[in-house]
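Good morning, colleagues. Please take a moment with the sequence and the structure before I go through the packing.

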Amino acid sequence: MKNRYEALIVLNTQGREETVKEIVDRLESEFQKEGAEIEQVQKMDKRPFSYVAGPLDSGFYVNFVFHADPQLITKLRSKFKLDPEVYRQHYQRLRAKSEKKESRKPSGKKLAGAK
């Protein structure tokens, strides 16, 4: 069963800002090669980090929304951890598009003591 996921990946493009498109295309093909079905790729530009915890002070953020089997996330994490152009990565499971939030409608009942 495939779930819907979001992967936020921070790229290390220091000194290579002009190669961002090639890096994003390569990562997208890596997702597809592993069996993920890409729904959306959102390039969010280069942003400074709120604090510096290493050699970089900024990174290029890319958001991937895709469908994949749950065990694929571990495989992608391991693969991208070895990639020198991937600085950080975060994965989150999303609701399927067909799932809707339950809406909470007021019941119309008044609380005791309310005027």
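At what angle do helix 1 and helix 2 pack, and how far apart are their axes? In this predicted model, the angle between helix 1 and helix 2 is about 145 degrees, and their axes lie 11 Å apart. The crossing of these two helices is right-handed.

Let me turn to the residues involved. Helix 1 contributes Leu-27, Glu-30 and Phe-31, which meet Leu-76, Lys-79 and Phe-80 of helix 2. By class, the residues of this contact comprise 4 nonpolar and 2 charged, with no polar ones.

The largest nonpolar core has 21 residues, and the members that touch the most others are Ile-9, Leu-11, Phe-31, Phe-64, Phe-66 and Tyr-91. At least two residues of this core come from each of strand 1 (3–11), helix 1 (20–33), strand 3 (58–68), helix 2 (70–81) and strand 4 (86–94).

Finally, a point on the backbone. Asp-45 is located in strand 2, which spans residues 37–48. The phi angle of Asp-45 is near 80 degrees, a positive value in a residue that is not glycine.

Technical notes. Residues numbered from 1 in each chain as written. Predicted model: local features only at pLDDT ≥ 70, side-chain atom pairs only at ≥ 80, totals over all residues. Heavy atoms only, no water. Core = buried A, V, L, I, M, F, W, Y, C linked by side-chain atoms within 4.5 Å. Buried < 20%, exposed > 50% of the residue type's maximum accessible area, 1.4 Å probe, protein only. Helix = DSSP H or I, 4+ residues; strand = E, 2+ residues; numbered from the N terminus. Axes fitted to C-alpha atoms, helices over the stretch in contact; angles between N-to-C directions. Left-handed = near helix turned anticlockwise from the far one by under 90°. Contact = heavy atoms within 4.5 Å. Nonpolar A, V, L, I, M, F, W, Y, C, P; charged D, E, K, R; others polar.
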